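Q: I am new to this structure. Can you show me how to read its features, one at a time?

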Amino acid sequence: MADSGLLLKRGSCRSTWLRVRKARPQLILSRRPRRRLGSLRWCGRRRLRWRLLQAQASGVDWREGARQVSRAAAARRPNTATPSPIPSPTPASEPESEPELESASSCHRPLLIPPVRPVGPGRALLLLPVEQGFTFSGICRVTCLYGQVQVFGFTISQGQPAQDIFSVYTHSCLSIHALHYSQPEKSKKELKREARNLLKSHLNLDDRRWSMQNFSPQCSIVLLEHLKTATVNFITSYPGSSYIFVQESFAESSSWTRTAEEEMELPVLKPWLLKSPTPQIKPEYLALRSVGIRREKKRKGLQLTESTLSALEELVNVSCEEVDGCPVILVCGSQDVGKSTFNRYLINHLLNSLPCVDYLECDLGQTEFTPPGCISLLNITEPVLGPPFTHLRTPQKMVYYGKPSCKNNYENYIDIVKYVFSAYKRESPLIVNTMGWVSDQGLLLLIDLIRLLSPSHVVQFRSDHSKYMPDLTPQYVDDMDGLYTKSKTKMRNRRFRLAAFADALEFADEEKESPVEFTGHKLIGVYTDFAFRITPRNRESHNKILRDLSILSYLSQLQPPMPKPLSPLHSLTPYQVPFNAVALRITHSDVAPTHILYAVNASWVGLCKIQDDVRGYTNGPILLAQTPICDCLGFGICRGIDMEKRLYHILTPVPPEELRTVNCLLVGAIAIPHCVLKCQRGIEGTVPYVTTDYNFKLPGASEKIGAREPEEAHKEKPYRRPKFCRKMK
């Protein structure tokens, strides 16, 4: 330490400081300079040692020694101080009788590390200077005690209710950003008094004093609380999904204390070069760990490009200033380009100014607010601050399609979209989410959707790793034929021929209908670039995990509210439904009538309502010849079938008042997650519904759901034996 003091005393010399600046390029943290560390000359090693000692002696001593240097040299000197969670008195906390220090502290230089302080079990206080962010992973409840912050596009101000935030492993980390907020012309003393009064009902005296010591104008004070919900407890109770919300253990996180420059992602030396004897755990980490979160680097958070920000600003302005009706915004693009993330961000932005936003889900595989395989229309009134499986909602209108893809059945998909879209009342802006299939027939199907929905704005996403997709300008859409719609030129010719040769020509039913009047749209191009990219090899498995998490989140509604313990699904009492009270239909495959009950047993079923009355039949089961387009009220699990009493045993969270109108059960290709069947707790002996003694040659029994695909497609792909299959009791 004496050497460091001697070197710092030399630091007042300008020539020494210039030599240090010239030596800085050799200290960049890359593999090649570290390998050349042993081959440095004597002069290079001396400069390296001087830099290390300077970093080790950084802090108050370094700043005091730097007072002798000129202001120009001090401004160029790197700030490597690491403020502690309970910092020493700063110029902002010194008496107001020193105007020079007061003016120095008022400059808007953000802190390198946001101050964090534990304020009780499972609670932490976060002070964010203006325009500074806090990126984290984990789940917590956020309350803005003073100021204004923004999370995922949604603004949280003081006095608003707390918000549950989910920054989980499967998606990008979220950040809390402090915003500029309007404040009257008050002195700093008056602002402190106002903030202290707001904190009285949340913090004790010591915590309020600490907050006032670190308080500065335009500073936001945020309370972070530990969050546990029935959905989180239910999902984490299964071994395969227990890592989704839980952070890494203390042993894995115990590493060398990072310097302030590492927090700002600057090229500095690794701390292990300082040869500390033992790892150091910062109090900030322990405070956040009690809440259930962990601070992450900024690069792990959500990064929005300039085109994305400009598109968001334009759409928000149009939605808030629209006079002649509400805009219809259709979002399209290939897979894994950020469409769903953009939709959530846009919804949160719109909710800052509007009371509600309508959302039309046309993506069957990755639904946002419902279990997979559905086309739905929802009215969103609360922000979405997490991935889809954390904010399932009850839709206004929903139809169960039954498959994660609409291949080989496009006409039924178009009819369902028409049926659901007819419920849109045009009282609020509508966001339309589309599939990521934009090549070949998928592009033609997208053109049909644009003509059908007549959006006012089309947001088209593209990136370097996405498939080529032509610009969907109004002229391109007018000149291209869809799967079921014709271009504008052909429609004119068809109308002329229809008027001249109406008696000689015959048209299909869909061509006899009057075409939808397409008025054109405004195309907004958005370019995105994500650091984490899902490869085609693991895309299917990744999407399947997200679908399973959505189903588990839906089943968590069966659990009692917190803090009651979890109840296994096999211990819950199901509903008894007679055979003659509901009709059955397998939507994804042709199943023989003698095997219908085998397919229904231990399956994920859609509880639907059809217009036909099925109660006139005395015997059952009642089978439908065609898949109806009808409202879906919810979902459930057919736990068992009693053949003697002719009853279905259905486990569902749908309220009893809505179950009275259910008269149809639809079974599709959406399966119950394997963990629900294989990891049943409290079961002794053979696990129910898990067996290998099964006839895989039955239609719909194998893992290949597409039984209606041509035989050539089956020959190209090898057959894979499923891990397990279902068996009736």
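A: Start with a loop. Arg646 sits in the loop between strand E21 (631–642) and strand E22 (647–651). Keep in mind that this is a predicted model.

Q: What is the phi of Arg646?
A: Arg646 has a positive phi of about 55°, although it is not a glycine.

Q: Does Arg646 count as buried, partly exposed or exposed?
A: Buried means under 20% relative accessible area, and exposed means over 50%. Arg646 has 34% relative accessibility, so it counts as partly exposed.

Q: Where is Ser454 found?
A: Ser454 is in the loop between H17 and E15. Its phi is positive too, near 50°, and Ser454 is a residue other than glycine.

Q: Which residues does a cis peptide bond join?
A: That bond joins Met562 and Pro563, with omega about 5°. Pro563 lies in the loop between helix H21 (536–555) and strand E17 (575–578).

Q: How do I read a sheet?
A: Strands of a sheet pair through backbone hydrogen bonds, either parallel or antiparallel. Here, seven strands form an open sheet with mixed pairing. Their order is E13-E12-E11-E14-E10-E15-E16.

Q: Which strands stand at the edges?
A: Strand E13 (397–400) and strand E16 (522–527) do. Each has a single partner strand, so one side of each is left without a neighbour in the sheet. On average, neighbouring strands of this sheet are turned by 15° against each other, direction ignored.

Q: How many bridges join E11 to E12?
A: Five bridges join strand E11 (residues 357–361) to strand E12 (residues 374–380). The two run antiparallel. Take Leu360: its bridge partner in E12 is Leu377.

Q: Which strands does helix H14 lie across?
A: Helix H14 (residues 306–321) lies across strand E10 (328–332), strand E15 (457–462) and E16. H14 runs at about 150° to E16. Helix H17 (residues 441–453) lies across E10, E11 and strand E14 (430–433). H17 runs at about 175° to E10.

Q: Is Gln460 buried or exposed?
A: Gln460, in strand E15, is buried, with a relative accessible area of 2%. Its side chain reaches the backbone oxygen of Pro470 at 2.8 Å. Not counting residues up to four places away in sequence, Gln460 touches several others, including Cys332, Met469, Leu523 and Val526.

Q: How many helices and strands does the protein chain have?
A: The chain has 25 helices and 23 strands. Of its 729 residues, 47% count as buried. Among contacts with a separation of 6 or more, 77% join residues 24 or more positions apart.

How values were computed
Residues are numbered from 1 along each chain as its sequence is written. This is a predicted model: local features need pLDDT of at least 70, side-chain atom pairs count only at pLDDT 80 or more; totals for chains, interfaces and linings use all residues. Side-chain values use heavy atoms; hydrogens and water are left out. Two strands pair if DSSP finds at least two bridges between them. Helices (H or I, at least four residues) and strands (E, at least two) are DSSP runs, numbered from the N terminus. Axes are lines fitted to C-alpha atoms, for helices over the stretch in contact, and angles run from 0 to 180 degrees between N-to-C directions. Contact means heavy atoms within 4.5 Å. Buried means under 20% relative accessible area, exposed over 50%, partly exposed in between (1.4 Å probe, protein chains only). A polar contact is a pair of N or O atoms within 3.5 Å; within protein, one must be able to donate a hydrogen and the other to accept it, and residues adjacent in sequence count only if both atoms are side-chain atoms.
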